Amino acid sequence: MGHGPVRGGGDSAGEREGWRVMGRRCGDRRGAGAGRERPTAVTAVGAATLVRAASAVRAATLVRAATLVRAASAVRAATPVRAASAVRAASALRAATAVRAATAVRAATVALTTTAALVTATALPGGAALAAGAPAGYAFAEDARRIEGASGTSGAVPLEPGATYRSSLPRNGTLYYRLELDAASDAYVSVTAVPGAGGEVTAVDGVRVTVQDADGASCSSDSATFGAARSPRPVTAWGLREIDPGGSRCQDPGTYYVTVERTRPEDSPPDAWDLELAAVTEPRPEKTGRTTAPEPWDSASPEPLAGEPERRPGGNGFAHATPVGQGAWSDDIRPGQTLFYKVPLDWGRQVHATAELDGAGDRSGYATGALHLALHNPVRGEVDDISKGYTGRQATVGLAPLPPVAYANRYAADGQVAAMRFAGAYYLVVHLAAQVADDFGDGPFGLTLRVRLGGAAQAGPEYTAKSRPEGVFEVSAPERAAAPRASGTDDDRALKAIAVGGIGTGSVLLLGLGAWTAAARRGARRV
């Protein structure tokens with residue numbers, strides 16, 4: 001898997017080097033062995049349905065029996081004159097009761113059929129996602145527009161910058177979407193592929209995204225795969241078209257195309273995958289600054305943030321990510337679940353994060369690449385990711401050291417550095433592999449996310465126009481307020497020290513001013 005899109009058709013060796021594919025680090029070097037199938041299990045919901053179904057059948061039988069008894073009594077008690085009427089009434093009553101009983105039996109049959117389907121689904125690979133307390137699926141943007149990808153350029157649907165879309169990706173074939181771009185803005189398109197929870201995926205399966213011009217020349221290409229855990233989860237790849245004053249390809253205004261396909265369709269599940277697409281444009285800066293990578297920065301790994309975590313449940317998608325600031329945050333996570341958080345980062349700020357998974361008690365086993373942590377930038381492009389196996393003991397993964405956010409990072413040869421190119425909301429995405437349930441149960445497991453912010457906020461570039469969507473490359477006051485900072489952190493202690501220092505200094509100044517005023521009044525009385 002590569003960090004950052006690979007730009008096509010570089011104009012110089014240096015440029016090609018600047019966009020080379022960066023191999024992703026994998027914290028787990030073990031082989032990607034196939035996960036075992038989960039045993040058949042009747043869910044709590046299914047059991048309750050069976051009880052209700054049986055109760056409905058028994059109730060219908062009892063009602064029918066009681067009705068027949070009442071009807072027989074009516075016949076015996078009736079006089080010969082009324083006997084025929086009573087018999088006719090009992091017959092009508094029995095008929096109505098039979099209809100009601102049949103209706104109850106049919107309802108029970110439907111309930112039993114539904115329960116059988118649930119039991120069968122639970123027995124399938126990945127069926128733990130259907131059990132009681134199962135993790136929620138991916139939450140798409142509420143305003144996402146539904147569109148269909150085309151099989152060629154002629155029928156490609158346009159993607160408007162600033163909008164989010166929903167689509168679906170079949171197992172085979174390439175989908176096309178259209179972009180209409182000017183000659184002054186950089187454009188980014190992210191594609192999040194969401195496979196079904198019950199499908200079996202391979203380590204190299206995933207989604208590939210390219211941006212190409214009207215002649216079919218590649219502007220960029222990127223892919224995202226499921227990795228050694230082989231656990232179905234949302235994976236995101238991104239493509240871009242950049243304006244480069246010294247470039248010759250993908251520089252003209254006009255029509256461009258975004259292509260989306262699976263990386264390994266021959267080994268991919270047969271069902272279609274849901275897609276979430278987001279298009280963004282970034283205008284050019286008013287002043288042309290440096291076009292080389294920033295100066296060297298401190299790449300030493302920071303100390304993990306200490307302190308007791310505060311409860312902060314994660315979201316289920318990019319559009320529903322939970323805002324957090326510096327601090328330690330806790331939540332519960334189940335096998336197969338993915339949690340989303342977002343951290344507002346100003347120009348000049350750095351972020352470092354670790355994810356800790358609690359132990360599983362006295363259970364033992366091993367799940368390859370079970371705990372996965374990734375960082376995505378404001379256009380949802382992946383910056384860094386790391387995964388680690390799970391043995392039932394507490395496990396921790398941490399992001400690589402990353403540079404301060406800077407516009408000039410885009411000129412760096414390192415893909416991770418180049419992805420830290422703009423301010424805005426950065427996303428922390430945590431996934432627990434579905435195969436963890438095989439050896440350690442359905443959970444939930446305790447999760448702690450520790451976020452440390454470094455660097456100092458700086459002024460960013462002045463853009464010639466507004467981005468689309470507006471404000472995506474800045475941190476607004478509401479976003480700062482929505483991202484809490486845990487108490488007891490370094491920033492919190494520093495602010496308290498400043499506050500205490502300010503109060504102390506103010507007190508000294510007030511005392512001095514009071515003494516000076518008193519002396520002046522005494523002098524005035526002596527005159």
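The pLDDT is the predictor's confidence in each residue, on a scale from 0 to 100. This is a predicted model, in which local features need pLDDT of at least 70 and side-chain atom pairs count only at pLDDT 80 or more, while totals for chains, interfaces and linings use all residues. Residues are numbered from 1 along each chain as its sequence is written, and side-chain values use heavy atoms, with hydrogens and water left out.

**View 1. Confidence across the protein.** The mean pLDDT of the protein is 77, and 67% of its residues reach 70 or more. Over residues 10-132 the pLDDT is below 50, although this stretch has 128 contacts (heavy atoms within 4.5 Å) in the model beyond near neighbours in sequence. Residues 491-527 also have pLDDT below 50, and that stretch has 8 such contacts. Where pLDDT is low, the predicted coordinates should not be read in detail.

View 2. Strand 12 pairs with strand 14 (residues 327-333) in the parallel sense over 2 bridges, and E310 stands opposite W329 in strand 14.

**View 3. Strand 10 and two antiparallel partners.** Strand 10 (residues 254-262) runs antiparallel to strand 5 (residues 175-181), to which it is joined by 7 bridges, and Y176 stands opposite T259 in strand 10. Strand 7 (residues 206-213) is likewise antiparallel to strand 10, again with 7 bridges, and here V209 stands opposite V260.

**View 4. Two separate nonpolar cores.** A nonpolar core is a set of buried Ala, Val, Leu, Ile, Met, Phe, Trp, Tyr and Cys residues joined through side-chain atoms within 4.5 Å, and buried means under 20% relative accessible area (1.4 Å probe, protein chains only). The largest core has 53 residues, and those with the most contacts inside it are L373, L375, Y390, L428 and V436. Not counting residues up to four places away in sequence, V436 touches P335, A367, A370, Y390, G441 and F445. Apart from this core lies another, of 30 residues, among them Y165, L181, V209 and F226. In the protein as a whole, buried residues make up 46% of the 527 residues.

How values were computed: Pairing = 2+ DSSP bridges. Helix = DSSP H or I, 4+ residues; strand = E, 2+ residues; numbered from the N terminus. Buried < 20%, exposed > 50% of the residue type's maximum accessible area, 1.4 Å probe, protein only.
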